[in-house]
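Okay everyone, thanks for coming. Let me put the chain up on the screen, and then we'll walk through a few spots together.

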Amino acid sequence: MLKELRIEGGQREEHRSGIPGWAWITLAVLLVLALLAGAGWWWWRSAQVPEVQVAAVQARSGPAGNAVLQATGYVTARRAATVSTQITGTLTEVLFEEGDRVTKGQVLARLEDHALRASLDMARASVKSAEANVAAVHAQWLQAQSDLRRQEELAASGMSTRQAAEQARTSVTSYAAQLEARRREADASRAQAVQAQVNYDYTVVRAPFSGVITAKAAQVGEILSPLSAGGGFTRTGVGTIVDMESLEVDVDVNEAYIGQVKADMPAQAVLDAYPDWRIPAHVIAVVPSADRGKATVKVRVALEQKDQRVVPDMGVRVSFLAAKAQGDSAPPPGVLAPRAAVVTRADAPVAFVVAQDHAELRKLRTGTPVGDQAVVLEGLKAGETVVLNPPETLKNGDALRVAPAEH
(Lines give C-alpha, C1' and ligand atoms only; values in the text may rest on other atoms or scores of the structure.)
Protein backbone atom coordinates (compact mmCIF):
# COMPACT_ATOMS: atom_id res chain seq x y z
CA MET A 1 0.00 0.00 0.00
CA LEU A 2 2.84 2.37 0.85
CA LYS A 3 4.40 1.77 -2.55
CA GLU A 4 1.18 2.76 -4.26
CA LEU A 5 1.11 6.11 -2.40
CA ARG A 6 4.61 6.99 -3.67
CA ILE A 7 4.79 9.91 -6.25
CA GLU A 8 7.07 9.50 -9.17
CA GLY A 9 9.64 12.22 -10.03
CA GLY A 10 7.88 13.34 -13.23
CA GLN A 11 4.63 13.90 -11.32
CA ARG A 12 6.18 16.16 -8.67
CA GLU A 13 5.73 20.02 -8.85
CA GLU A 14 8.91 22.04 -9.30
CA HIS A 15 9.88 23.84 -6.08
CA ARG A 16 11.82 27.17 -6.32
CA SER A 17 13.46 29.13 -3.54
CA GLY A 18 14.61 32.88 -3.27
CA ILE A 19 13.13 36.20 -4.67
CA PRO A 20 11.02 35.80 -7.79
CA GLY A 21 12.10 37.56 -11.08
CA TRP A 22 9.16 39.92 -11.23
CA ALA A 23 10.33 41.46 -7.95
CA TRP A 24 13.73 42.33 -9.44
CA ILE A 25 12.10 43.96 -12.46
CA THR A 26 9.82 46.03 -10.24
CA LEU A 27 12.80 47.15 -8.11
CA ALA A 28 14.77 48.24 -11.20
CA VAL A 29 11.81 50.26 -12.54
CA LEU A 30 11.38 51.99 -9.18
CA LEU A 31 15.11 52.82 -9.08
CA VAL A 32 15.01 54.38 -12.58
CA LEU A 33 11.93 56.39 -11.67
CA ALA A 34 13.67 57.62 -8.52
CA LEU A 35 16.73 58.71 -10.50
CA LEU A 36 14.57 60.54 -13.03
CA ALA A 37 12.66 62.25 -10.25
CA GLY A 38 15.92 63.30 -8.56
CA ALA A 39 17.33 64.69 -11.80
CA GLY A 40 14.13 66.61 -12.47
CA TRP A 41 14.16 68.04 -8.97
CA TRP A 42 17.80 69.04 -9.34
CA TRP A 43 17.12 70.72 -12.69
CA TRP A 44 14.13 72.56 -11.26
CA ARG A 45 16.14 73.60 -8.21
CA SER A 46 19.02 74.87 -10.38
CA ALA A 47 16.62 76.84 -12.54
CA GLN A 48 15.32 78.61 -9.43
CA VAL A 49 18.84 79.63 -8.25
CA PRO A 50 19.69 83.14 -9.53
CA GLU A 51 22.98 83.81 -11.34
CA VAL A 52 24.73 86.92 -10.03
CA GLN A 53 27.82 89.01 -10.73
CA VAL A 54 30.23 89.46 -7.82
CA ALA A 55 33.18 91.66 -6.84
CA ALA A 56 35.78 91.69 -4.09
CA VAL A 57 35.85 94.09 -1.17
CA GLN A 58 39.09 96.11 -1.10
CA ALA A 59 41.04 97.59 1.78
CA ARG A 60 41.53 101.35 1.92
CA SER A 61 45.08 102.67 1.57
CA GLY A 62 46.36 105.52 3.66
CA PRO A 63 46.89 108.32 1.12
CA ALA A 64 43.82 107.31 -0.86
CA GLY A 65 41.66 107.99 2.15
CA ASN A 66 41.15 111.58 1.04
CA ALA A 67 40.60 110.61 -2.61
CA VAL A 68 37.87 112.55 -4.33
CA LEU A 69 37.84 110.44 -7.48
CA GLN A 70 39.26 107.23 -8.92
CA ALA A 71 39.87 106.31 -12.55
CA THR A 72 41.68 103.65 -14.54
CA GLY A 73 44.07 104.02 -17.45
CA TYR A 74 47.37 102.90 -18.92
CA VAL A 75 51.05 103.81 -18.74
CA THR A 76 52.13 105.61 -21.91
CA ALA A 77 55.41 107.01 -23.23
CA ARG A 78 55.49 110.62 -24.37
CA ARG A 79 58.64 109.92 -26.39
CA ALA A 80 58.74 106.72 -28.43
CA ALA A 81 59.90 106.19 -31.99
CA THR A 82 60.12 103.49 -34.62
CA VAL A 83 63.66 103.93 -35.91
CA SER A 84 64.22 103.71 -39.67
CA THR A 85 66.45 105.17 -42.40
CA GLN A 86 65.98 107.89 -45.00
CA ILE A 87 67.03 105.64 -47.88
CA THR A 88 66.13 102.18 -49.10
CA GLY A 89 68.71 99.46 -48.61
CA THR A 90 69.51 95.95 -47.44
CA LEU A 91 70.34 95.38 -43.78
CA THR A 92 73.83 94.02 -43.20
CA GLU A 93 74.02 94.46 -39.41
CA VAL A 94 71.51 94.70 -36.56
CA LEU A 95 73.32 95.56 -33.35
CA PHE A 96 70.56 95.37 -30.71
CA GLU A 97 67.99 93.07 -29.12
CA GLU A 98 64.74 93.72 -27.28
CA GLY A 99 65.34 95.07 -23.81
CA ASP A 100 68.72 96.65 -24.61
CA ARG A 101 69.33 100.11 -23.20
CA VAL A 102 70.86 102.48 -25.76
CA THR A 103 72.21 106.02 -25.68
CA LYS A 104 71.63 108.89 -28.08
CA GLY A 105 73.71 108.50 -31.26
CA GLN A 106 74.51 104.82 -30.66
CA VAL A 107 74.71 102.72 -33.86
CA LEU A 108 71.74 100.35 -34.07
CA ALA A 109 72.05 98.92 -37.60
CA ARG A 110 73.85 99.30 -40.92
CA LEU A 111 72.76 99.03 -44.55
CA GLU A 112 74.70 97.76 -47.57
CA ASP A 113 76.90 100.75 -48.54
CA HIS A 114 79.21 99.77 -51.43
CA ALA A 115 77.62 102.04 -54.05
CA LEU A 116 77.38 105.01 -51.69
CA ARG A 117 80.94 104.50 -50.51
CA ALA A 118 82.14 104.56 -54.15
CA SER A 119 80.19 107.77 -54.74
CA LEU A 120 81.76 109.29 -51.64
CA ASP A 121 85.25 108.32 -52.76
CA MET A 122 84.60 109.82 -56.21
CA ALA A 123 83.34 113.05 -54.67
CA ARG A 124 86.39 113.31 -52.45
CA ALA A 125 88.67 112.72 -55.46
CA SER A 126 86.84 115.47 -57.35
CA VAL A 127 87.51 117.83 -54.44
CA LYS A 128 91.22 117.08 -54.54
CA SER A 129 91.31 117.58 -58.32
CA ALA A 130 89.47 120.90 -58.04
CA GLU A 131 91.80 122.08 -55.29
CA ALA A 132 94.82 121.14 -57.47
CA ASN A 133 93.39 123.19 -60.35
CA VAL A 134 92.94 126.12 -57.98
CA ALA A 135 96.57 125.82 -56.91
CA ALA A 136 97.80 125.67 -60.54
CA VAL A 137 95.83 128.72 -61.65
CA HIS A 138 96.86 130.56 -58.46
CA ALA A 139 100.53 129.95 -59.37
CA GLN A 140 99.92 131.27 -62.89
CA TRP A 141 98.20 134.32 -61.46
CA LEU A 142 101.17 135.05 -59.21
CA GLN A 143 103.54 134.69 -62.15
CA ALA A 144 101.42 137.08 -64.21
CA GLN A 145 101.58 139.65 -61.41
CA SER A 146 105.38 139.38 -61.35
CA ASP A 147 105.51 139.79 -65.13
CA LEU A 148 103.27 142.84 -64.88
CA ARG A 149 105.57 144.52 -62.35
CA ARG A 150 108.63 143.93 -64.54
CA GLN A 151 106.90 145.23 -67.69
CA GLU A 152 105.74 148.35 -65.88
CA GLU A 153 109.35 148.99 -64.67
CA LEU A 154 110.73 148.44 -68.19
CA ALA A 155 108.05 150.66 -69.73
CA ALA A 156 108.85 153.40 -67.22
CA SER A 157 112.56 153.28 -68.16
CA GLY A 158 111.74 153.20 -71.87
CA MET A 159 113.19 149.73 -72.38
CA SER A 160 109.80 148.15 -73.19
CA THR A 161 106.72 149.20 -75.02
CA ARG A 162 103.49 150.25 -73.35
CA GLN A 163 101.74 147.46 -75.29
CA ALA A 164 103.77 144.78 -73.49
CA ALA A 165 102.74 146.26 -70.16
CA GLU A 166 99.07 146.23 -71.15
CA GLN A 167 99.32 142.61 -72.28
CA ALA A 168 100.85 141.68 -68.89
CA ARG A 169 98.02 143.52 -67.13
CA THR A 170 95.44 141.65 -69.23
CA SER A 171 97.13 138.37 -68.38
CA VAL A 172 96.86 139.13 -64.66
CA THR A 173 93.15 139.91 -65.02
CA SER A 174 92.55 136.72 -67.04
CA TYR A 175 94.31 134.53 -64.50
CA ALA A 176 92.41 136.19 -61.67
CA ALA A 177 89.10 135.31 -63.38
CA GLN A 178 90.26 131.74 -63.99
CA LEU A 179 91.32 131.47 -60.34
CA GLU A 180 87.87 132.59 -59.16
CA ALA A 181 86.22 130.07 -61.48
CA ARG A 182 88.43 127.25 -60.21
CA ARG A 183 87.63 128.21 -56.61
CA ARG A 184 83.88 128.06 -57.37
CA GLU A 185 84.39 124.65 -58.97
CA ALA A 186 86.25 123.53 -55.86
CA ASP A 187 83.36 124.78 -53.69
CA ALA A 188 80.91 122.80 -55.82
CA SER A 189 83.07 119.69 -55.51
CA ARG A 190 83.20 120.08 -51.74
CA ALA A 191 79.39 120.48 -51.61
CA GLN A 192 79.00 117.30 -53.66
CA ALA A 193 81.36 115.54 -51.26
CA VAL A 194 79.24 116.72 -48.31
CA GLN A 195 76.13 115.42 -50.05
CA ALA A 196 77.81 112.08 -50.72
CA GLN A 197 78.87 111.93 -47.06
CA VAL A 198 75.29 112.60 -45.93
CA ASN A 199 73.96 109.87 -48.20
CA TYR A 200 76.60 107.51 -46.92
CA ASP A 201 75.70 108.35 -43.30
CA TYR A 202 72.12 107.34 -44.08
CA THR A 203 73.33 103.74 -44.25
CA VAL A 204 73.97 103.85 -40.50
CA VAL A 205 70.93 103.78 -38.19
CA ARG A 206 71.51 105.61 -34.91
CA ALA A 207 69.41 106.03 -31.79
CA PRO A 208 67.64 109.42 -31.87
CA PHE A 209 67.54 109.56 -28.06
CA SER A 210 68.47 107.46 -25.05
CA GLY A 211 66.02 104.76 -24.10
CA VAL A 212 65.16 101.06 -24.17
CA ILE A 213 64.51 98.90 -27.24
CA THR A 214 60.99 97.47 -26.96
CA ALA A 215 60.66 95.83 -30.40
CA LYS A 216 62.99 94.44 -33.06
CA ALA A 217 61.25 94.71 -36.42
CA ALA A 218 63.88 93.61 -38.96
CA GLN A 219 66.65 91.08 -39.46
CA VAL A 220 69.89 90.99 -41.46
CA GLY A 221 69.19 90.50 -45.18
CA GLU A 222 65.81 92.24 -45.20
CA ILE A 223 65.18 95.39 -47.24
CA LEU A 224 64.56 98.51 -45.18
CA SER A 225 62.68 101.45 -46.67
CA PRO A 226 61.29 104.66 -45.14
CA LEU A 227 58.25 104.29 -47.40
CA SER A 228 55.75 101.45 -47.31
CA ALA A 229 56.28 99.07 -50.19
CA GLY A 230 53.65 96.92 -51.84
CA GLY A 231 55.14 93.57 -50.89
CA GLY A 232 55.51 92.00 -47.50
CA PHE A 233 59.30 91.70 -47.61
CA THR A 234 60.16 95.38 -47.13
CA ARG A 235 60.40 96.73 -43.60
CA THR A 236 59.64 100.36 -42.77
CA GLY A 237 61.48 100.31 -39.45
CA VAL A 238 64.29 98.43 -37.79
CA GLY A 239 63.04 98.70 -34.21
CA THR A 240 61.17 100.73 -31.59
CA ILE A 241 62.87 102.74 -28.86
CA VAL A 242 61.11 104.17 -25.80
CA ASP A 243 62.37 106.86 -23.48
CA MET A 244 61.51 105.39 -20.08
CA GLU A 245 61.98 108.77 -18.42
CA SER A 246 59.00 110.09 -20.39
CA LEU A 247 56.52 107.52 -19.02
CA GLU A 248 53.28 108.90 -17.64
CA VAL A 249 49.69 107.75 -17.15
CA ASP A 250 46.68 108.49 -19.35
CA VAL A 251 43.34 107.94 -17.64
CA ASP A 252 39.79 108.40 -18.86
CA VAL A 253 37.62 110.30 -16.38
CA ASN A 254 33.85 110.33 -16.69
CA GLU A 255 32.82 113.74 -17.92
CA ALA A 256 30.30 113.99 -15.06
CA TYR A 257 33.22 114.13 -12.58
CA ILE A 258 35.86 115.95 -14.64
CA GLY A 259 35.15 119.19 -12.77
CA GLN A 260 36.82 117.66 -9.69
CA VAL A 261 40.18 117.23 -11.49
CA LYS A 262 42.58 120.17 -11.77
CA ALA A 263 46.12 120.64 -13.08
CA ASP A 264 48.87 119.96 -10.48
CA MET A 265 46.34 118.09 -8.34
CA PRO A 266 48.03 115.42 -6.15
CA ALA A 267 47.26 111.82 -7.01
CA GLN A 268 48.29 108.26 -6.29
CA ALA A 269 48.83 105.53 -8.89
CA VAL A 270 48.65 101.78 -8.32
CA LEU A 271 49.79 99.41 -11.07
CA ASP A 272 47.62 96.36 -11.66
CA ALA A 273 50.80 94.25 -11.75
CA TYR A 274 52.01 95.59 -8.35
CA PRO A 275 48.92 96.33 -6.23
CA ASP A 276 50.97 96.91 -3.08
CA TRP A 277 53.14 99.64 -4.64
CA ARG A 278 51.53 103.07 -4.30
CA ILE A 279 53.25 105.63 -6.52
CA PRO A 280 53.01 109.36 -5.71
CA ALA A 281 51.78 111.29 -8.73
CA HIS A 282 50.21 114.55 -9.82
CA VAL A 283 48.00 115.78 -12.65
CA ILE A 284 49.89 117.23 -15.60
CA ALA A 285 46.90 118.47 -17.59
CA VAL A 286 43.28 117.84 -18.41
CA VAL A 287 43.14 117.37 -22.19
CA PRO A 288 40.47 119.76 -23.53
CA SER A 289 38.70 117.15 -25.62
CA ALA A 290 35.97 114.63 -24.82
CA ASP A 291 35.24 111.18 -26.24
CA ARG A 292 31.59 111.29 -27.27
CA GLY A 293 31.43 107.51 -27.51
CA LYS A 294 32.61 106.84 -23.95
CA ALA A 295 31.60 110.21 -22.43
CA THR A 296 35.07 110.59 -20.91
CA VAL A 297 37.86 113.16 -20.85
CA LYS A 298 41.54 112.17 -20.94
CA VAL A 299 43.75 113.29 -18.05
CA ARG A 300 47.57 113.14 -18.11
CA VAL A 301 49.15 112.08 -14.82
CA ALA A 302 52.89 112.27 -14.01
CA LEU A 303 54.55 109.52 -11.96
CA GLU A 304 56.89 110.91 -9.29
CA GLN A 305 58.65 107.56 -8.80
CA LYS A 306 59.85 105.33 -11.63
CA ASP A 307 61.92 102.17 -11.92
CA GLN A 308 62.20 99.12 -14.16
CA ARG A 309 58.82 97.84 -13.00
CA VAL A 310 56.98 100.60 -14.86
CA VAL A 311 56.64 99.73 -18.57
CA PRO A 312 54.38 101.09 -21.33
CA ASP A 313 50.78 99.88 -21.67
CA MET A 314 50.52 98.63 -18.08
CA GLY A 315 47.11 98.97 -16.48
CA VAL A 316 46.95 101.45 -13.61
CA ARG A 317 44.39 102.80 -11.16
CA VAL A 318 44.70 106.47 -10.20
CA SER A 319 43.21 108.10 -7.10
CA PHE A 320 42.90 111.88 -7.29
CA LEU A 321 43.56 113.28 -3.81
CA ALA A 322 42.15 116.32 -2.05
CA ALA A 323 45.54 116.84 -0.35
CA LYS A 324 49.00 115.43 -0.90
CA ALA A 325 49.89 112.46 1.29
CA GLN A 326 52.44 113.16 4.03
CA GLY A 327 54.70 110.19 4.76
CA ASP A 328 53.27 106.79 5.62
CA SER A 329 49.93 107.78 7.09
CA ALA A 330 47.78 105.08 8.69
CA PRO A 331 44.99 103.63 6.58
CA PRO A 332 41.62 105.23 7.22
CA PRO A 333 38.86 103.08 8.71
CA GLY A 334 36.59 100.97 6.57
CA VAL A 335 36.82 99.15 3.26
CA LEU A 336 35.84 99.89 -0.33
CA ALA A 337 33.02 98.06 -2.10
CA PRO A 338 31.41 98.77 -5.48
CA ARG A 339 28.40 101.04 -5.20
CA ALA A 340 26.38 98.46 -7.14
CA ALA A 341 26.78 96.04 -4.21
CA VAL A 342 25.17 98.36 -1.65
CA VAL A 343 21.36 98.40 -1.72
CA THR A 344 18.65 99.68 0.61
CA ARG A 345 16.45 97.24 2.51
CA ALA A 346 14.09 98.45 5.24
CA ASP A 347 15.51 101.99 4.86
CA ALA A 348 19.02 100.79 5.73
CA PRO A 349 22.08 100.05 3.56
CA VAL A 350 22.85 96.35 3.19
CA ALA A 351 24.98 94.06 1.05
CA PHE A 352 24.88 90.35 0.25
CA VAL A 353 28.10 88.40 0.85
CA VAL A 354 28.69 85.12 -1.00
CA ALA A 355 29.26 82.41 1.62
CA GLN A 356 29.43 78.79 0.40
CA ASP A 357 27.18 79.50 -2.63
CA HIS A 358 24.58 81.18 -0.45
CA ALA A 359 23.69 84.82 0.14
CA GLU A 360 24.48 86.24 3.55
CA LEU A 361 22.75 89.55 4.36
CA ARG A 362 24.95 92.15 6.04
CA LYS A 363 23.76 95.42 7.50
CA LEU A 364 26.22 98.23 6.78
CA ARG A 365 27.37 101.56 8.10
CA THR A 366 28.69 103.61 5.22
CA GLY A 367 30.72 106.78 4.80
CA THR A 368 31.31 109.28 2.01
CA PRO A 369 31.73 107.39 -1.29
CA VAL A 370 34.94 107.63 -3.31
CA GLY A 371 34.18 107.75 -7.03
CA ASP A 372 32.33 104.55 -7.95
CA GLN A 373 33.33 102.90 -4.66
CA ALA A 374 31.24 102.92 -1.49
CA VAL A 375 33.09 103.39 1.81
CA VAL A 376 31.83 100.74 4.25
CA LEU A 377 32.77 101.48 7.87
CA GLU A 378 31.05 98.44 9.38
CA GLY A 379 29.60 95.21 8.02
CA LEU A 380 32.22 94.06 5.48
CA LYS A 381 35.84 92.93 5.55
CA ALA A 382 38.53 93.25 2.92
CA GLY A 383 38.70 90.17 0.69
CA GLU A 384 35.03 89.19 1.01
CA THR A 385 32.96 88.72 -2.14
CA VAL A 386 29.76 90.74 -2.53
CA VAL A 387 26.87 90.45 -4.98
CA LEU A 388 26.55 93.23 -7.56
CA ASN A 389 23.05 94.58 -8.23
CA PRO A 390 21.28 91.97 -6.05
CA PRO A 391 17.68 91.30 -7.17
CA GLU A 392 14.79 92.45 -5.01
CA THR A 393 13.74 88.85 -4.37
CA LEU A 394 17.12 87.83 -2.93
CA LYS A 395 16.94 87.00 0.77
CA ASN A 396 19.37 85.90 3.45
CA GLY A 397 20.34 82.25 2.97
CA ASP A 398 19.21 81.96 -0.66
CA ALA A 399 21.34 79.80 -2.94
CA LEU A 400 23.43 81.58 -5.58
CA ARG A 401 25.21 80.80 -8.80
CA VAL A 402 28.20 83.03 -9.48
CA ALA A 403 28.34 84.10 -13.13
CA PRO A 404 31.67 83.47 -14.90
CA ALA A 405 33.94 86.50 -15.13
CA GLU A 406 33.81 88.45 -18.40
CA HIS A 407 37.08 88.66 -20.38
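So, look at serine 189: leaving aside residues up to four places away in sequence, serine 189 touches Ala123, Ser126, Val127 and Ala130. Quick reminder before I go on: this is a predicted model. Serine 189 sits in helix α3. Is serine 189 buried or exposed? Its relative accessibility is 11%, and buried means under 20%, so serine 189 counts as buried.

Now zoom out to the helix. α3 runs over residues 162-201, so to speak, with 40 residues in total. From its first C-alpha to its last, α3 reaches 59 Å, close to the 58 Å expected at 1.5 Å a residue.

Okay, on to the cores. The largest nonpolar core has 29 residues, and Val251, Val299, Val318 and Phe320 have the most contacts inside it. Which elements give two or more residues to this core? They are β3 (67-77), β13 (247-254), β14 (266-271), β15 (274-291), β16 (296-303) and β17 (315-321). There's also a second, separate core of 17 residues, with Val83, Leu91, Leu111 and Phe209 among them.

Not counting residues up to four places away in sequence, tyrosine 274 touches Arg309 and Met314. Compare valine 316: 42 residues apart from tyrosine 274 in sequence, but 9.4 Å apart in space, C-alpha to C-alpha.

Last stop, strand β18, residues 335-338. Val335 and Ala337 point one way, Leu336 and Pro338 point the other way, and all are buried. Which strands pair with β18? One is β2 (residues 58-59), antiparallel, over two bridges, with alanine 59 standing opposite valine 335. Another is β23 (residues 373-378), also antiparallel, over four bridges. There, leucine 336 stands opposite valine 375.

That's my tour. Who wants to go next?

Technical notes:
Residues numbered from 1 in each chain as written. Predicted model: local features only at pLDDT ≥ 70, side-chain atom pairs only at ≥ 80, totals over all residues. Heavy atoms only, no water. Core = buried A, V, L, I, M, F, W, Y, C linked by side-chain atoms within 4.5 Å. Buried < 20%, exposed > 50% of the residue type's maximum accessible area, 1.4 Å probe, protein only. Pairing = 2+ DSSP bridges. Expected span 1.5 Å × (residues − 1). Contact = heavy atoms within 4.5 Å.
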